[in-house]
Amino acid sequence: MNVAPLVAASLGAWLLLEASARPPSSVTPGELSPHFRWHEFASKDGAPFSAEAVRWLPTLAQALEWIRWRAGATPLGIISGYRSPAHNQAVGGAPDSQHMKAAVDFDSRAWKPAQLAAFVEEGIRSGAIPDGGVGVYYRPADPEGGWVHYDQRTLWGYPRARWEG
């Protein structure tokens, strides 16, 4: 999927945001952070990022950088990031899904989901990353495999949440 128009539209909106929402100056256009790119978080239906997603995804990417560092610089795979309202509905997402703001489902080839979730919790407890929603999902065919959901819902007024799915 060619995400260049989505990123261009999103980057245009991003430039209008307050300076605190901007990624570090070492990040070049098209990148959210040193190891994460806008296209990895794009809605699977090709819709452009919402203004909320443009505002919050850089913050989420910085948290993922910390998680990646804590996991020994192990690459993290982005399974799902931003979802447009239409895509969220198509996949059966909750009507107020955090994916429509800034949320991520991610995995790692080197770590089990419970271990990744423990890194997220460690970051939250230490104050390195914002609190929010943390969910652990397992694949029925592979109990060792699965993914972690992380969002920063407390930044926009929602209470923290924990679950397994």
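A pocket is an open set of points on a 1 Å grid over the protein atoms alone, where a 1.4 Å probe fits, with protein on both sides within 12 Å along at least five of seven lines. Its volume is the space filled by probe spheres set on the points, which are joined across faces, edges and corners.

This is a predicted model: local features need pLDDT of at least 70, side-chain atom pairs count only at pLDDT 80 or more, and totals for chains, interfaces and linings use all residues. Residues are numbered from 1 along each chain as its sequence is written, and side-chain values use heavy atoms, without hydrogens and water.

**Exercise 1.** Describe the largest pocket and its lining.

*Solution.*
- Start with the volume: about 240 Å³ of space lies in the largest pocket.
- Next, the lining (residues with an atom within 4 Å of a point). It has 13 residues, and A94, S97, Q98, H99 and H149 lie nearest the centre.
- Then sort by class. Ala, Val, Leu, Ile, Met, Phe, Trp, Tyr, Cys and Pro count as nonpolar, Asp, Glu, Lys and Arg as charged, and the others, Gly among them, as polar. The lining divides into five nonpolar, four polar and four charged residues.

**Exercise 2.** Work out the strand order of the open sheet and its pairing.

*Solution.*
- Strands are DSSP runs of E, at least two residues, and helices are runs of H or I, at least four; both are numbered from the N terminus. Two strands pair if DSSP finds at least two bridges between them.
- The order of the five strands is β3-β4-β6-β5-β7, with mixed pairing.
- β3 (77–80) and β7 (161–164) are the edge strands, each pairing on one side only.
- β3 pairs with β4 (residues 103–107) in the antiparallel sense over three bridges. Here I78 stands opposite F106.
- β4 and β6 are antiparallel over four bridges. A103 has D151 in β6 as its bridge partner.
- β5 and β6 are antiparallel over seven bridges. They form a hairpin with two residues between them. G133 also has D151 as its bridge partner.

**Exercise 3.** How do the axes of helix α2 and helix α4 cross, and which residues meet?

*Solution.*
- Axes are lines fitted to C-alpha atoms, for helices over the stretch in contact; angles run from 0 to 180 degrees between N-to-C directions.
- The axes of α2 (residues 51–70) and α4 (residues 113–126) come within 9 Å and cross at roughly 115°.
- Contact means heavy atoms within 4.5 Å. W66, I67 and R70 in α2 meet F119, V120, E122, G123 and S126 in α4.
- By class, this contact has four nonpolar, two polar and two charged residues.
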